[in-house]
Amino acid sequence: MKKERPVCPHCGSNQLVADGSLEFDGAAGEWRAGSEIYNESCLCRNCGRSEFNPEWKEHKFTVLTPAHATLDLGDPPPYCSFDVDVDLIEKIKSVREAIQSLALAEASISFGGWWGPETDEYRLQGGALVIASSGSFWASDMRKHESYYIESEVIEVDDLLALWETATTGSVHVLAAHGDEAVELLAEYRTDTIEPPVDDH
Ligand SMILES: [Zn+2]
């Protein structure tokens, strides 16, 4: 799988159409799209601009989910967020195959989610992404000197793979939350991740 995808240089969307040539595939007996596109032939379905060359950018997006503590009296983090890139997608697919071929109940990989602005102070240890045979996964971590886990909500692997195909590069997607909860979560995340103004003095 390629790390990079073409994006619109004006709005960043991946929803591009381009002109190119067809090559006749003798074995299949039909025309197939060639891999080259004509110069300045792109049209963006998102912003409507046309006649440009795409930019190539590493495809990644951010997932944001509610989070909880596994102990009722524990201190839950505000949310869990993590970047999804081609490496993570390929890892999750491989682990899912291993779960099926070895009939495992679940399997986990080392993983570092971002649990809000206090993440560095949490002194986390043993972060993992747990993938279950049911086809769902969640992020899990533990603060040093605490006896309980902090976990993201449960996400379906298929939902993540579908999002991988359609998400705009650089976008943020709320999963496992709906309606007002999703809106509030995104607002909190946006506030937390705004770059502080540079202090010249
Ligand atoms: Zn565009």
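Which residue in the turn of the β3 and β4 hairpin has a positive phi? Gly 29 does, at about 70°, and four residues lie between the two strands. This is a predicted model: local features need pLDDT of at least 70, side-chain atom pairs count only at pLDDT 80 or more, and totals for chains, interfaces and linings use all residues. Residues are numbered from 1 along each chain as its sequence is written, and side-chain values use heavy atoms, leaving out hydrogens and water.

**The hairpin**
- Strands β3 (residues 20–25) and β4 (residues 30–37) run antiparallel, joined by five bridges.
- Strands here are DSSP runs (E, at least two residues), numbered from the N terminus. They pair if DSSP finds at least two bridges between them.
- Asp 25 has Glu 30 of β4 as its bridge partner.

**The two domains**
- The domain assignment gives domain 1 (4–58) and domain 2 (61–193); such bounds come from an automatic or database assignment.
- Their centres, taken over C-alpha atoms, are 33 Å apart.

**Where the domains meet**
- Seven residues of domain 1 are in contact (heavy atoms within 4.5 Å) with six residues of domain 2.
- The domains bury about 470 Å² between them, 32% of it on carbon and sulfur atoms. Buried area is the accessible area (1.4 Å probe) that two parts lose on being put together, summed over both.
- Arg 5, Asn 14 and Glu 58 supply 76% of the area that domain 1 buries against domain 2.
- Zero salt bridges are counted between the domains. A salt bridge needs a side-chain nitrogen of Lys or Arg within 4 Å of a carboxyl oxygen of Asp or Glu.
- β1 (4–7) and β7 (55–58) each supply at least two residues of the side of domain 1 that touches domain 2.
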